[in-house]
Amino acid sequence: MKFICDGLSLSEAVQKVSKACAVRTTAPVMECIKISTQQDEVTLLATDGELSIQKSVKAEILESGDTCVPGKLFADFLTKLTDEEICISTTDKGMEINYRDSGTSMQTLRAEEFPDINLEIGENSFVMNQGALKKVIAETVFCCAQDDTRPVLKGCLMEFGEKLIVTALDGYRLAFSEAEILSKSGESRLICPARTLVEISRMLASDEEEITLYSQGGMLLVKSEGTIIVSRLYQGDFIKKENVIPSSFSTTVTFRKNELISSVERAAILIRGDKNNLISLEIGADSVKVSSVSEIGNVSESVTADVKGVELVISMNAKYLLDALRALGEEEIVISLNGAVSPFILQNNAKKDSLYLILPVRNAQ
């Protein structure tokens with residue numbers, strides 16, 4: 001294998017693909033990027049068994065072939081060569097990277113050791129505007145679980161009906177968002193890993209252009225502008241949001257989002273590092289008092305609000321509240337509550353196409 005390529009183009013492609021390299025594995029080839037050459041393109045492919053990313057870039061191909069190179073090392077090295085024209089070739093001893101009058105060698109593994117990735121996924125398809133898909137991903141993915149206690153909660157439930165409805169939860173909070181779909185065929189329910197959705201969002205370049213998601217046999221495929229993402233889908237039962245989101249509330253509070261964000265951010269500073277990261281909201285007749293208490297001090301601020309219903313004091317994790325507030329797009333936000341120990345929700349005041357539910361905490365202070 002031998003090819004000449006622009007350093008910047010190659011580096012950007014390798015950075016994208018390396019996100020799928022395995023970090024801790026007993027199979028060294030899973031930490032590699034497979035490099036293949038054909039006609040006038042170099043194709044890069046990485047996988048960790050769950051997520052696979054392939055990216056092609058233009059190059060002058062002098063000899064066809066393929067090899068596997070340590071992904072993170074290769075990616076880090078190429079970031080230092082973005083202003084260079086690079087010649088990459090393989091020998092019996094490994095890979096040679098030549099630039100200007102300099103050169104570097106890296107060990108490689110045989111391409112035959114790299115696992116086969118099925119790129120012929122297309123039984124079911126879902127077509128959306130890229131902007132709509134980016135929106136629902138951004139508004140939900142941060143609520144997915146981070147640990148392996150319940151693997152299915154590390155993904156988002158995607159339900160394709162008249163609209164795409166995306167739900168995520170981690171046991172302490174829930175996110176829900178919906179968006180228009182242009183067309184669909186086949187199955188209508190998928191549980192997609194959160195990290196896959198993050199990588200899909202990164203590949204979406206134009207809000208107005210369409211993107212198609214393909215699924216088949218428990219796998220998902222998305223492709224755009226030379227990049228292909230293939231991911232294993234999670235299987236299992238997902239909590240029904242209808243069973244946990246209250247249908248009525250005893251108190252509603254309408255306020256300006258940025259004012260509450262600023263107040264909660266200041267209150268969170270003094271509890272930074274505390275195990276529970278708790279703040280309290282004291283909901284009065286026409287204001288919300290934001291407070292926090294720690295060993296080093298306390299904060300107590302009032303935010304003007306339109307309050308309807310029962311006055312109460314409720315406590316919650318400051319990060320969960322801030323994540324939800326920042327994800328909502330309107331300036332006026334509504335919090336709906338049913339007492340100090342019941343789950344509460346946050347929504348935009350006008351457009352109700354997204355929702356956040358948070359579990360409160362007893363005896364915060």
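Mentor: Buried means under 20% relative accessible area, exposed means over 50%, and partly exposed is in between. Keep in mind that this is a predicted model.

Trainee: Why is Asp274 called partly exposed?

Mentor: Asp274 has 37% relative accessibility.

Trainee: Where does Asp274 sit?

Mentor: In the loop between α5 (257–269) and β20 (278–283).

Trainee: Which residues does Asp274 touch, leaving out those up to four places away in sequence?

Mentor: Val293 and Ser294. Contact means heavy atoms within 4.5 Å. Asp274 and Ser294 are 20 residues apart in sequence, with 8.0 Å between their C-alpha atoms.

Trainee: Why does Ser336 count as buried?

Mentor: Its relative accessibility is 8%. Buried means under 20%, so Ser336 counts as buried. Ser336 belongs to strand β25 (residues 332–337).

Trainee: What is Ser336 in contact with, beyond its neighbours within four places in sequence?

Mentor: Ser336 contacts Phe249, Thr251, Thr252, Phe344 and Ile345.

Trainee: Now Glu12. Why is Glu12 counted as partly exposed?

Mentor: Glu12 shows 47% relative accessibility. Exposed needs over 50%, and buried needs under 20%. Glu12 is therefore partly exposed. Its place is in helix α1 (residues 7–18).

Trainee: Which residues gather in the patch of negative charge on the surface?

Mentor: Asp6, Glu12, Glu60 and Glu85.

Note on methods. Residues are numbered from 1 along each chain as its sequence is written. This is a predicted model: local features need pLDDT of at least 70, side-chain atom pairs count only at pLDDT 80 or more; totals for chains, interfaces and linings use all residues. Side-chain values use heavy atoms; hydrogens and water are left out. Patches are made of residues with over 30% relative accessible area and no salt bridge: like charges are joined within 9 Å, nonpolar side chains (Val, Leu, Ile, Met, Phe, Trp, Tyr) within 5 Å. Accessible areas come from the Shrake-Rupley method with a 1.4 Å probe; for residues, only the protein chains shown count as cover. A salt bridge is a side-chain nitrogen of Lys or Arg within 4 Å of a carboxyl oxygen of Asp or Glu. Lys and Arg count as positive and Asp and Glu as negative; His and the chain ends are not counted. The place of a charge is taken as NZ of Lys, CZ of Arg, CG of Asp or CD of Glu. Helices (H or I, at least four residues) and strands (E, at least two) are DSSP runs, numbered from the N terminus. Buried means under 20% relative accessible area, exposed over 50%, partly exposed in between (1.4 Å probe, protein chains only).
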